[in-house]
Amino acid sequence: SGSVLSTSSTLTVSPTSSTTYYVRSKNSCGVSSCISKSVTVTSPPVVNVTPGTSCDGGPVTLSATTTSGTIEWYTVENPSPTFVPIATGNTFNISHLNSTTTYYVKVVGASCNLSSTIPVTATLEYSPAITNVTSTPYGDCGEGYQLTATGGSGGTIYYQGTNSNGTSTASTTSPIIKATGTYYFRSRSSAGCWGPSGSASVTYTPPTVIYSQSSFHNLNGWT
């Protein structure tokens with residue numbers, strides 16, 4: 001039993017799940033037995049892509065994942081069947097980027113492939129300028145040195161302590177230094193590109209405490 005969908009010799013259906021349909025003929029002599037036809041509904045793969053940023057033309061990696069099938073990478077949006085992919089797999093590594101470029105992901109080998117490619121962009125960004133670091137004595141009695149960083153245009157300046165290639169974003173303040181060493185600042189762009197380090201070297205000598213005779217007497221309970 002069931003609803004009659006059509007009395008035509010053809011039937012167009014759009015099921016949302018796998019469905020079996022039945023057909024039979026009927027005339028004045030009676031009704032034939034049913035013949036079945038199953039339609040299998042397969043979901044297209046779900047593809048997620050991750051763009052990348054190249055700092056100053058350096059290496060950049062693009063990535064893509066799919067729930068089924070294999071990822072192929074192309075330089076054109078609609079590659080013909082004769083096109084050979086520039087890479088296959090979930091990642092595409094670019095050793096040098098001359099300009100911002102869009103690549104295209106295609107899924108093959110899935111039971112239901114996507115009808116179009118998916119764009120993934122490699123963006124060329126430039127690093128900020130170098131920072132200029134100065135040190136000035138802090139306090140009236142040589143309690144330390146205060147470091148100040150300027151410059152670093154194109155980004156935000158961050159203090160890196162004694163790490164010349166640091167990538168810490170913990171502090172943007174001007175620290176008070178109380179230890180001999182070389183201290184570094186770097187500027188970071190909004191795209192995550194780090195500029196060259198600027199530094200200042202500090203030689204710190206703890207201040208000498210001098211007690212007067214009266215203070216010495218007072219410390220020992222003398223008057």
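Q: Is Thr148 buried, exposed or partly exposed?
A: Thr148 counts as partly exposed in this predicted model, because its relative accessible area is 32%, and partly exposed covers values between the buried limit of under 20% and the exposed limit of over 50%.

Q: Where is Thr148 found?
A: Thr148 sits in strand β14, which runs over residues 144-151.

Q: And which residues does Thr148 touch, leaving out those up to four places away in sequence?
A: With those left out, Thr148 touches Asn132, Val133, Thr134 and Ser174. As for Thr173, which is 25 residues apart from Thr148 along the chain, the C-alpha atoms of the two are separated by 8.4 Å.

Q: New topic: how many residues are in the largest nonpolar core?
A: The largest nonpolar core has 17 residues, and those with the most contacts inside it are Leu62, Trp73, Ile94 and Tyr103. At least two residues of this core come from each of the strands β7 (60-66), β8 (70-74), β10 (91-94), β11 (101-108) and β12 (118-125).

Q: What does Tyr103 touch, again not counting residues up to four places away in sequence?
A: On that count, the residues touched by Tyr103 include Leu62, Trp73, Ile86, Phe92, Ile94, Leu97, Val120 and Ala122. As a general background, nonpolar side chains in soluble globular proteins tend to be buried together.

Q: Which residues does the second core include?
A: The second core is separate and has 11 residues, among them Val133, Tyr159, Phe185 and Ala200. Val133 is also one of the residues that Thr148 touches.

Q: Okay, cysteines now: how many disulfides does a search of the whole structure find?
A: The search finds one disulfide, and this bond joins Cys55 to Cys193 with an S to S distance of 2.1 Å. The link of Cys55 and Cys193 is left-handed, with -90° about the S-S bond.

Q: Which parts does the pair tie together?
A: Cys55 lies in strand β6 (residues 52-55), while Cys193 lies in the loop between β17 (181-188) and β18 (198-202), so the pair ties together parts that are 138 residues apart in sequence.

Q: Are those two cysteines buried or exposed?
A: Cys55 is partly exposed, with a relative accessible area of 30%, whereas Cys193 is buried, with a relative accessible area of 0%.

Q: What about Cys29, and how far away is the nearest cysteine sulfur?
A: Cys29 is in no disulfide, and the nearest cysteine sulfur, which belongs to Cys34, is 18 Å away. Cys29 is also exposed, at 76% relative accessible area, while Cys112 counts as partly exposed at 26% relative accessibility.

Methods. Residues are numbered from 1 along each chain as its sequence is written. This is a predicted model: local features need pLDDT of at least 70, side-chain atom pairs count only at pLDDT 80 or more; totals for chains, interfaces and linings use all residues. Side-chain values use heavy atoms; hydrogens and water are left out. A nonpolar core is a set of buried Ala, Val, Leu, Ile, Met, Phe, Trp, Tyr and Cys residues joined through side-chain atoms within 4.5 Å. Buried means under 20% relative accessible area, exposed over 50%, partly exposed in between (1.4 Å probe, protein chains only). Helices (H or I, at least four residues) and strands (E, at least two) are DSSP runs, numbered from the N terminus. Contact means heavy atoms within 4.5 Å. A disulfide is a pair of cysteine sulfur atoms within 2.5 Å.
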